[in-house]
Amino acid sequence: MNVLVVGNGGREHAILLALKKSKRVDKLYCMKGNAGTAEIAENVDVDYMDVEAVKNYALSHPEIDYYVVAPDDPLAIGLVDELESIGKRCFGPRKDAAIIEASKAFSKSLMQKYGIPTAEAQTFDNYDKALQYVREKGAPIVLKADGLALGKGVLVCEDLKQAEDGLKKIMLDKSFGKAGNVIVIEECMKGLKYTPGEEVSVLAFTDGKTIVPMITSCDHKRAYDNDKGLNTGGMGTFSPCPFWTKELEEEVLKNIMIPTINAMNAESRTFKGCLYFGLMRTDKGIKVVEYNSRFGDPETQVVLPMLKTDLLDIFEAVTDERLSDIRIEWDDGACVCVVLASGGYPLSYAKGKEITLGDTGDTLIVHAGTAVKDNKLVTAGGRVLGVVAKGKDVEEARKKAYKAVDNISFENMQYRMDIGLKYRKG
């Protein structure tokens, strides 16, 4: 089969690397792709947010058998629906289901309606009423822009001034554009041992009837060590989560995952694809922080390298609603991803800086914001590369990853030194 992956970041490169292992894949394509995807797939220079252009490409390339729509934005505008309307087979939720990520107000109301554990919250489309609510509740408090904001639309405010400034930033200054027209204001959940709490990312395959959790991972959202600085799209991940147990997985399946799938079905929004559960273990049990309607980034970079089962087999089983027939297996051990970013990320940063790749051993270099210019590998985004290493445990994997990082350089390269230390026992 010939398979096209939509997207141009680290997640898409990681998906392509996993699909490349499949004996059933003949040729891979990536729309638009990056310098890394070009090494294993044919990059397609079509704007994936231009639905008509994508459909025209698909119609003129009947040799492509299957489409994987990976990023949140094209899912939110219904690219899967449009491809399916011209007879193309796809992996990814339709528009009516992708709203579970595209609107935080929708997902919050869904959880409240169906009793799915989450933080207490209120939704506002009026700045003055939102400001009054923040002042009544006090801090710490969490502000979430309703729409998609590249993973940066959540502000955890430690004091009232931060909350007031954040509210103005989102609703009046429109720092996240239309995503901030509506805002969800949440209680700041407290964890068992950590502040604000112990978080875990659990991606799951689902065909709308069966849901199968993948191995767990933990993301590092803040720009700098010790969770300082602004929220980013993710500065690194490790897998598995150290506090995850079989009992906890059973609790999450029973109280969160299956009820979510049932809730979406009850709302006539059947979800088929990869559903991401951002969870927090609190003093009142495990709760949902957020949903994503696709593979997380950079969670995918540590989850898929551990997958033993053919990824294309899983994708097709989801499409055909026969996921219950597939046995999904994982490698033992651990995986760590260290993200190398452009200096200044997540705010302003320069592009076009030449990247030097030295000896990186047996680590996997996953490309995110890269391009080739004048036959040189250069930076082309905020998050540039993911350095991915496997080991018998997280400590071994992180040592291998950072050893490889030492042999990579570009001007003003920025990265965290504490990836994989989160929740470390002792």
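Student: Which strands form the open sheet, and in what order?

Tutor: The open sheet is built from four strands in the order 6-9-7-8, and their pairing is antiparallel. Keep in mind that this is a predicted model.

Student: Which are the edge strands?

Tutor: Strand 6 (121-124) and strand 8 (154-157) are the edge strands, and each of them pairs on one side only.

Student: By how many degrees are neighbouring strands turned against each other?

Tutor: On average, neighbouring strands of this sheet are turned by 20° against each other, direction ignored.

Student: What packs on the sheet?

Tutor: Helix 7 (residues 127-137) does, and it touches strand 6, strand 7 and strand 9. The direction of helix 7 makes about 160° with that of strand 6.

Student: Back to the pairing. How many bridges are there between strand 7 and strand 9?

Tutor: Five bridges, in the antiparallel sense, pair strand 7 (residues 141-145) with strand 9 (residues 183-187). Within that pairing, I141 stands opposite E187 in strand 9.

Student: Which side chains meet in a salt bridge there?

Tutor: E186 and K144 do, at 3.2 Å from N to O.

Student: How many salt bridges does the count come to?

Tutor: The count comes to 32 salt bridges. One of them joins the side chains of R89 and D320, at 3.0 Å from N to O.

Student: Where do R89 and D320 sit in the chain?

Tutor: R89 is in strand 5 (residues 89-91), while D320 is in the loop between helix 11 and strand 18 (334-342). The two are 231 residues apart, and the pair links distant parts of the chain. R89 is partly exposed, with a relative accessible area of 29%, and D320 is partly exposed as well, at 35%.

Student: What about K376, which residue does it form a salt bridge with?

Tutor: K376 forms one with E354, where the closest N and O atoms are 3.9 Å apart. K376 belongs to strand 22 (residues 376-379), and E354 to the loop between strand 18 and strand 19 (356-357), 22 residues apart. The relative accessible area is 42% for K376, which is partly exposed, and 44% for E354, also partly exposed.

Student: Which residues do salt bridges that share partners join into one network?

Tutor: The network consists of R24, R89, D313, E316, D320 and R322.

Student: Last one, helix 1. How many of its residues are buried?

Tutor: Ten of the eleven residues of helix 1 (residues 10-20) are buried, and the helix is mostly covered. Among the buried ones are G10, R11, E12 and H13.

Student: What covers them?

Tutor: The cover of the buried residues of helix 1 includes strand 1 (2-7), strand 2 (27-32), helix 10 (299-303), helix 11 (311-319) and strand 20 (364-367).

Conventions:
Residues numbered from 1 in each chain as written. Predicted model: local features only at pLDDT ≥ 70, side-chain atom pairs only at ≥ 80, totals over all residues. Heavy atoms only, no water. Buried < 20%, exposed > 50% of the residue type's maximum accessible area, 1.4 Å probe, protein only. Contact = heavy atoms within 4.5 Å. Pairing = 2+ DSSP bridges. Axes fitted to C-alpha atoms, helices over the stretch in contact; angles between N-to-C directions. Salt bridge = Lys/Arg side-chain N within 4 Å of Asp/Glu carboxyl O.
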